[in-house]
Amino acid sequence: MSASFPPLRDELRGIEPYGAPQMAHDRVPVQLNVNENPYAPSAELAASLANAVSTVALELNRYPDREFVALREQLAGYLNASGGSDITPDMVWAANGSNEVMQQLLQAFGGPGRLALSFAPTYSMYPEYARNTLTEWAVGHREEDFGLDLDRARALVEERRPSIVLLPSPNNPTGTALPPEAVSVLCEAVGDDGLLVVDEAYGEFRRTGTPSALELLPRHRNLVVTRTMSKAFALAGARLGYLAADPAICDALRIVRLPYHLSATTQATASVALSYVDELLAHVDDLRVERDATVSWLRGQGLDVADSDANFVLFGRFADRHAVWQGLVDRGVLIRETGPAGWLRVSIGTADEMTSFRTALTETMESRQ
Ligand code: PMP
């Protein structure tokens, strides 16, 4: 065998696959590391899901609806009830998680000779979509408070002329939401040569008073708003992400998607979930309250804490953040070592899980004094 086998693309050699460390629940019982929703589906919802899946199972010899028409209708209905208006099914697209939705956007609108841009610190998968689609990647920088300086951001867009700007709101890992004027200014700066993708994976957790970019869709035809069922909807295991955008953008994505990319079981699962919206979103308010309490508590410990509109909180700064992370793991609490140097990120769990987090962090900090 030659030393370079398998014959991987040069730029992929030596690259570690993306992913947070996964640890067994029996070893680290409190898992607050990947921004999941801690509330599992009820037995009733699980039974409805099983029922729907067993119905489609009888037809699994057939390919699913390639255009997932029924699901697009339901998703449009949900978006219109949560900040959007006049969103029609042809303005909706979905794939296996919003990561896949965004990678498809880069496949269709990025590519060789084109540039994708974001503002750091931000979600670490973005440069991977760019790498996978041979799109050039550039980053501007966020301010000290992790917000955007709009003049600087606009100037960067005008200078670099990106085909795609990826902006999460709320941002991961900082939790920072974008004001609507930021979306409008950047949509105008990007113009018809590109798309502004506002990644609202954590959109449902926004604090009151922070509007969704969905409201701006009628004003900007180059605006794309992505969402996911993995966070507020508490369905990370189902793998369903989606977007709302101009019908021409959705239509273009049909060119790059693999045929039948959304399985019949995925479509059935997402469809049942959408009929249980109230139950699935019931804990969003609890998580927001727990998030705000976590921010206050961490500040009370004398730590720096980023304002958060998401279901996680970035806090620091630690001279040796790895040692603090390890101290928590040793006490049965898994958080995420991510973000700028010295910071750590904790996902918001149940009240009991957050008590374990506070106890473990207090003990860890005491043991290091
Ligand atoms: N966007 C952001 C900002 C995220 O943090 C995540 C998940 N961590 C995603 C998108 C992708 O989530 P999914 O593929 O599960 O929809």
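**Two helices side by side**

Guide: In helix 5, the residues L150, A153, R154, V157 and E158 meet A182, V185, L186, A189 and V190 of helix 6, where a contact means that the C-beta atoms of two residues, placed from the backbone, lie within 7 Å. Divided by kind, the residues of this contact are 8 nonpolar, no polar and 2 charged; here Ala, Val, Leu, Ile, Met, Phe, Trp, Tyr, Cys and Pro count as nonpolar, Asp, Glu, Lys and Arg as charged, and the others, Gly among them, as polar.

Before going on, please keep in mind that this is a predicted model, in which local features need pLDDT of at least 70 and side-chain atom pairs count only at pLDDT 80 or more, while totals for chains, interfaces and linings use all residues. Residues are numbered from 1 along each chain as its sequence is written. Helices (H or I, at least four residues) and strands (E, at least two) are DSSP runs, numbered from the N terminus.

Two packed helices are described by the angle between their axes and the distance between the axes. Helix 5 (residues 150-160) and helix 6 (residues 180-190) pack at an angle of about 20°, and their axes are 9 Å apart; the axes are lines fitted to C-alpha atoms, for helices over the stretch in contact, and angles run from 0 to 180 degrees between N-to-C directions. Helix 5 and helix 6 are therefore roughly parallel to each other, given that angles under 35 degrees count as roughly parallel, over 145 as roughly antiparallel, 65 to 115 as roughly perpendicular and the rest as oblique. The crossing of helix 5 over helix 6 is right-handed, which is the name used if the near helix is turned clockwise from the far one by less than a right angle, anticlockwise being left-handed.

A residue is buried if 20 or more other C-beta atoms lie within 10 Å of its own, exposed if 12 or fewer, and partly exposed in between.

Although N35 is not a glycine, its phi is positive, near 55°, and with 22 C-beta neighbours inside 10 Å it counts as buried.
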